[in-house]
Amino acid sequence: MRVCLAAQVLSSSVADALTLLDEDETMETRKFIRLMDKFFDCLNVRNTFHGTTTRNENLHPYTKCNDERLKWLKETFLGYFDEWEKEVKSLPAGTVTKNEKAAMKLSKETVEDLRITTMSLTELIPILLSDDDCKYHCATAFSMQGCAESAY
């Protein structure tokens with residue numbers, strides 16, 4: 001799987017298009033897509049001006065150890081997958097098979113890769129920025145290759 005293709009499919013414009021179809025039926029799908037879109041943005045900080053030229057606050061370089069995006073990644077983004085797992089596990093016994101439950105969520109490998117990537121970023125950015133010589137950090141230095149390889 002190529003990450004750039006995933007980023008195109010899991011984009012806010014796709015979520016916006018799904019809103020036009022049926023707001024109730026696509027609510028969770030749109031939520032997932034918007035979370036992944038922001039995740040990709042948080043990891044695709046390329047330079048010091050891209051966030052300004054695109055008017056996307058998530059594409060600005062990291063300049064503070066307590067950047068709100070780091071908190072969002074740890075709490076909201078990873079929390080979403082924890083809640084998803086709990087919801088699937090809480091389904092009453094006998095209502096769905098083990099295989100059906102597995103199909104209701106992302107693979108363990110994909111979630112683990114998302115977790116590793118997220119935790120690496122959120123732990124390393126503050127360390128890098130604590131160095132007086134480091135004024136900002138562009139997160140594209142962190143690879144998502146593991147996510148791409150295990151997604152399929």
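Colleague: Is Arg30 buried or exposed?

Modeller: In this predicted model, Arg30 counts as buried, because its relative accessibility is 13% and the cut-off for burial is under 20%.

Colleague: Where does Arg30 lie, and what is Arg30 in contact with?

Modeller: Arg30 lies in helix H3, and once its neighbours within four places in sequence are left aside, Arg30 is in contact with Ala15, Leu18, Thr19 and Glu23.

Colleague: Staying with charged side chains, which residue does Arg34 meet in a salt bridge?

Modeller: The side chain of Arg34 meets that of Asp16 in a salt bridge, with an N to O distance of 2.7 Å. Asp16 lies in helix H2 and Arg34 in helix H3, so this pair ties together parts that are 18 residues apart in sequence.

Colleague: And how accessible are Asp16 and Arg34?

Modeller: Asp16 is partly exposed at 40% relative accessibility, and Arg34 is partly exposed as well, with a relative accessible area of 33%.

Colleague: How many salt bridges are there by this rule?

Modeller: The count comes to 7 salt bridges. Among them is the one between Lys86 and Glu83, whose closest N and O atoms are 3.5 Å apart; both of these residues lie in helix H5, 3 residues apart, which is about one turn of the helix. Another is formed by Glu85 with Lys89, where the closest N and O atoms are 3.7 Å apart, and Glu85 and Lys89 also both lie in helix H5, 4 residues apart, again about one turn.

Colleague: Which residues are linked with Glu85 in a network?

Modeller: Glu85 is linked with Lys89 and Lys105 in a network of salt bridges.

Colleague: Changing topic to the inside, which residues touch the most other members of the largest nonpolar core?

Modeller: That core has 28 residues, and those touching the most other members are Met36, Phe39, Tyr62, Leu73, Phe77, Phe81 and Leu121. The elements that give two or more residues to this core are helix H2 (12–21), helix H3 (27–43), helix H5 (68–89) and H7, and H3 gives the most, with 8 residues. As general background, nonpolar side chains in soluble globular proteins tend to be buried together.

Colleague: Take Met36, then: what is Met36 in contact with?

Modeller: Leaving aside its neighbours within four places in sequence, Met36 is in contact with Leu10, Phe77, Phe81 and Leu114. Of these, Phe77 and Phe81 are also named among the core residues that touch the most other members.

Colleague: Stepping back, what does the secondary structure come to?

Modeller: The protein has 8 helices and 0 strands, so the elements run α-α-α-α-α-α-α-α from the N terminus on.

Colleague: How much of the protein is buried, and how much accessible surface is there?

Modeller: Buried residues make up 36% of the 152 residues, and the accessible surface comes to about 9700 Å², of which 54% belongs to carbon and sulfur atoms. As for contacts with a separation of 6 or more, 61% of them are accounted for by residues 24 or more positions apart.

Notes. Residues are numbered from 1 along each chain as its sequence is written. This is a predicted model: local features need pLDDT of at least 70, side-chain atom pairs count only at pLDDT 80 or more; totals for chains, interfaces and linings use all residues. Side-chain values use heavy atoms; hydrogens and water are left out. A nonpolar core is a set of buried Ala, Val, Leu, Ile, Met, Phe, Trp, Tyr and Cys residues joined through side-chain atoms within 4.5 Å. Buried means under 20% relative accessible area, exposed over 50%, partly exposed in between (1.4 Å probe, protein chains only). Contact means heavy atoms within 4.5 Å. A salt bridge is a side-chain nitrogen of Lys or Arg within 4 Å of a carboxyl oxygen of Asp or Glu. Accessible areas come from the Shrake-Rupley method with a 1.4 Å probe; for residues, only the protein chains shown count as cover.
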